[in-house]
Amino acid sequence: MNLPWHLYIMAFVYLLAGINHFRSPRLYLKIIPPYFPNPKLLNVIIGIAEIVLAILLCIPNFSKYAAWGIIALLIAVFPTHVYMYNNEKARMGLAKWVLFLRMPLQLGLIYWAFQYTFFQ
């Protein structure tokens, strides 16, 4: 079974994002809301999850499950977008309108992943 080429693009995006959690942890630690315990551990878990899910997206027997994992991950990290929008220190100098647009972008990413949940 051949996987569509755009699934590999998605995998590459999440692989890079996952690696970046280890290359630039301070960037991510700044945007984790303070009500979440142990931000360092959460950053590592999310980075590993993105890397593992990216790899699984490329394996035909696991791609459908990995796409569901991506959806769950995107939902789980959504509070960081709300936190960035509402907290000036977490904004990283981005304009509020840019941060506002990131929230519906998450829906687009969820939809993109959803495309592969029924791929067989």
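Helices (H or I, at least four residues) and strands (E, at least two) are DSSP runs, numbered from the N terminus, and Tyr8 is found in helix 1. The model is a predicted one, in which local features need pLDDT of at least 70 and side-chain atom pairs count only at pLDDT 80 or more, while totals for chains, interfaces and linings use all residues. Residues are numbered from 1 along each chain as its sequence is written, and side-chain values use heavy atoms, with hydrogens and water left out.

Because its relative accessibility is 40%, Tyr8 counts as partly exposed, a class that lies between buried (under 20% relative accessible area) and exposed (over 50%), with a 1.4 Å probe and protein chains only. Not counting residues up to four places away in sequence, Tyr8 touches Leu3 and Cys58, where contact means heavy atoms within 4.5 Å. Tyr8 and Ile55 are 47 residues apart in sequence, and their C-alpha atoms are 9.4 Å apart in space.

We can now turn to how helix 1 packs. Two packed helices are described by the angle between their axes and the distance between the axes. For helix 1 and helix 3, the axes come within 8 Å and cross at roughly 155 degrees; axes are lines fitted to C-alpha atoms, for helices over the stretch in contact, and angles run from 0 to 180 degrees between N-to-C directions. The two helices, helix 1 and helix 3, are therefore roughly antiparallel to each other, the term for angles over 145 degrees. Residues of helix 1 that meet helix 3 include Met10 and Tyr14, and among those they meet in helix 3 are Glu50, Ile51 and Leu57.

Leaving aside neighbours within four places in sequence, Tyr14 is in contact with Glu50, Ile51, Ala54, Ile70, Leu74 and Leu109. A nonpolar core is a set of buried Ala, Val, Leu, Ile, Met, Phe, Trp, Tyr and Cys residues joined through side-chain atoms within 4.5 Å, and in the largest one, with 19 residues, Met10, Tyr14, Leu57 and Ile70 touch the most other members. Helix 1 (5-23), helix 3 (39-57), helix 4 (63-76) and helix 6 (96-114) each give two or more residues to this core, and helix 4 gives the most, with six. Apart from this core lies another, of six residues, including Tyr28, Ile31, Met84 and Ala90.

Note on methods
Angles under 35 degrees count as roughly parallel, over 145 as roughly antiparallel, 65 to 115 as roughly perpendicular and the rest as oblique.
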